Amino acid sequence: MADIIDMPKLSDTMTVGTLVKWLKKEGDVVATGDMLAEVETDKATMELESFFDGTILKIFADEGAQVEIGEPLCAVGEAGEEVEAPAKKEKPAPAAEEKAPEDEKPAAESTPAATPPPPPPAPAPSAPTEPGKRVKISPLARKLAAEKGIDPSRITGTGTGGRIVRADVLDAEKNGVSGGGMSGSGHMVKGPIQEDKVVAVSGMRGTIARRLVESKTQIPHFYLDIEVDAGPLLALRAQLNSGLESEGIKLSVNDFILKASAEALRKVPAVNCSWEGKEVRHHSRAHVSFAVALPDGLITPVVFDAHVKSVFDISVEAKTLGKAAKAKKLQPNQYTGGTFCVSNLGMMGINSFKAIINPPNAGILAVGTTVEKPVVVNGQITIGHRMNLTLSCDHRVVDGAVAAQFMVALREMVEKPALLLV
């Protein structure tokens with residue numbers, strides 16, 4: 001009898017997996033442990049292994065399909081064996097629909113965009129194009145189209161041989177036809193900034209939305225802001241990078257912040273805790289995660305035991321994790337288990353911001369950019385480098401005074417960065 005391989009639970013928060021790509025096809029012989037497919041969870045793209053030896057008799061899920069945990073993906077058995085599973089593929093759909101009326105919450109979580117709102121209003125009519133063909137257009141019409149920011153290839157010509165004339169450009173303007181960027185004259189074009197469309201919520205985006213709403217509504221946040229002198233850190237970083245250039249090592253500001261956070265957690269361990277309802281868990285090790293932006297969301301890979309690692313080790317590990325995160329190749333054990341989080345938008349020029357706590361952490365540090373500004377030192381105005389740091393805390397676990405102690409410790413580490421090297 002054929003064995004059915006169902007969609008497994010590949011992450012702790014996964015409810016649905018997207019079958020990105022089949023690595024095997026029907027008729028292929030597979031052994032236990034062979035890679036069958038790539039599956040995108042809410043956090044990463046992972047490989048699906050075969051749990052059986054045999055021949056792939058039937059594939060039930062197409063590439064690109066979203067498959068709930070437990071739904072059949074394929075059947076493995078002896079070559080030529082009959083498979084009775086096709087009905088299983090159709091089974092989950094009605095089952096999901098049956099649940100909707102009796103439980104409203106899962107419906108909102110599982111298929112947020114499956115039944116999108118009414119179709120968007122019809123966009124302004126667009127004239128037919130002639131892909132790859134030279135556009136026939138009069139000089140006057142071309143000039144007019146450029147002035148109005150209209151792409152001539154999107155205009156239907158009514159002149160001789162389909163030549164676009166001035167009237168065609170004016171008609172196109174009335175109908176809302178526009179260009180695709182800068183016009184030939186360098187003027188900004190008119191029209192919509194992007195195509196009207198409705199896109200299904202990805203598993204990652206859905207999880208982010210759910211978790212952040214839970215965090216912001218259930219965790220009593222409070223915030224502490226400080227401005228630190230980043231001059232010493234920048235000077236030390238420049239000195240180290242200059243000396244390590246030949247070895248291909250380049251430390252980032254974030255590497256120092258991760259290390260400084262770990263050291264501050266060691267000095268003020270009360271921030272390194274988690275609220276667990278009737279208990280507060282105190283973590284004995286500083287596992288510092290950091291936010292990595294992805295095209296369809298973000299993820300927080302973890303530098304485990306950051307308190308016992310050097311800045312150099314953290315730098316190498318963070319870069320490796322960052323690359324894996326962007327390639328969606330992180331494994332669950334690489335993005336779960338963090339005890340504190342750092343979110344840095346400084347490299348994007350953001351002065352300061354307040355991050356939402358990533359539960360079960362009790363705190364998250366938001367790092368702004370370093371700005372050059374006049375500051376008063378010993379009664380004299382001088383030019384300094386200042387960085388804004390904002391700590392978001394779970395007030396159920398961390399009180400204001402404790403959070404302040406953490407920020408004092410963090411400031412000391414940033415302003416005396418040589419301490420991070422010992």
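Two strands count as paired if DSSP finds at least two bridges between them. Strands themselves are DSSP runs of E with at least two residues, while helices are runs of H or I with at least four residues, and both are numbered from the N terminus. With that in hand, let's walk through this predicted model, where local features need pLDDT of at least 70, side-chain atom pairs count only at pLDDT 80 or more, and totals for chains, interfaces and linings use all residues. Residues are numbered from 1 along each chain as its sequence is written, and side-chain values use heavy atoms, with hydrogens and water left out.

**The four-stranded sheet**

Four strands line up as S1-S8-S6-S3 in an open sheet with antiparallel pairing. Strand S1 (3–6) and strand S3 (29–30) sit at the edges with a single partner strand each, so one side of each has no neighbour in the sheet. Strand S6 (residues 54–59) and strand S8 (residues 72–77) are antiparallel partners over four bridges. Look for Ile56, which stands opposite Val76 in S8.

**The six-stranded sheet**

Another open sheet has six strands in the order S9-S18-S17-S16-S12-S15, and here the pairing is mixed. Which strands stand at the edges? They are strand S9 (221–229) and strand S15 (302–303), each with a single partner strand, so one side of each is left without a neighbour in the sheet. Helix H8 (residues 253–267) packs on this sheet, touching S12, S16, strand S17 (363–377) and S18, and its direction makes about 150° with that of S16. Axes here are lines fitted to C-alpha atoms, for helices over the stretch in contact, and angles run from 0 to 180 degrees between N-to-C directions. Strand S12 (residues 288–290) pairs with S15 in the antiparallel sense over two bridges, and Ser289 stands opposite Val302 in S15.

Is Thr390 buried or exposed? Thr390 counts as buried because its relative accessibility is 1%; buried means under 20% relative accessible area, exposed means over 50%, and partly exposed is in between (1.4 Å probe, protein chains only). Arg386 is buried too, with a relative accessible area of 14%.

Each has a polar contact through its side chain, listed below. That term means a pair of N or O atoms within 3.5 Å; within protein, one must be able to donate a hydrogen and the other to accept it, and residues adjacent in sequence count only if both atoms are side-chain atoms.

| Residue | Partner side chain | Polar contact |
|---|---|---|
| Thr390 | Asp225 | 2.5 Å |
| Arg386 | Asp229 | 3.2 Å |

Contact in general means heavy atoms within 4.5 Å. Leaving aside neighbours within four places in sequence, Thr390 is in contact with residues including Tyr223, Phe353, Lys354 and Met407.

**Aromatic pairs**

How many aromatic pairs does a search of the whole structure find? There are two. Rings of Phe, Tyr and Trp (its six-membered ring) pair if their centres lie within 6.5 Å; planes under 30 degrees apart are stacked, over 60 edge-to-face, and the rest tilted. Phe51 and Phe52 form an edge-to-face pair, at 6.4 Å centre to centre and 85° between the planes. Phe51 is partly exposed at 42%, and Phe52 is partly exposed at 26%. Phe340 and Phe406 form a tilted pair, with 5.4 Å between centres and 50° between the planes. This pair links distant parts of the chain, with Phe340 in strand S16 (residues 340–344) and Phe406 in helix H11 (residues 400–415), 66 residues apart.
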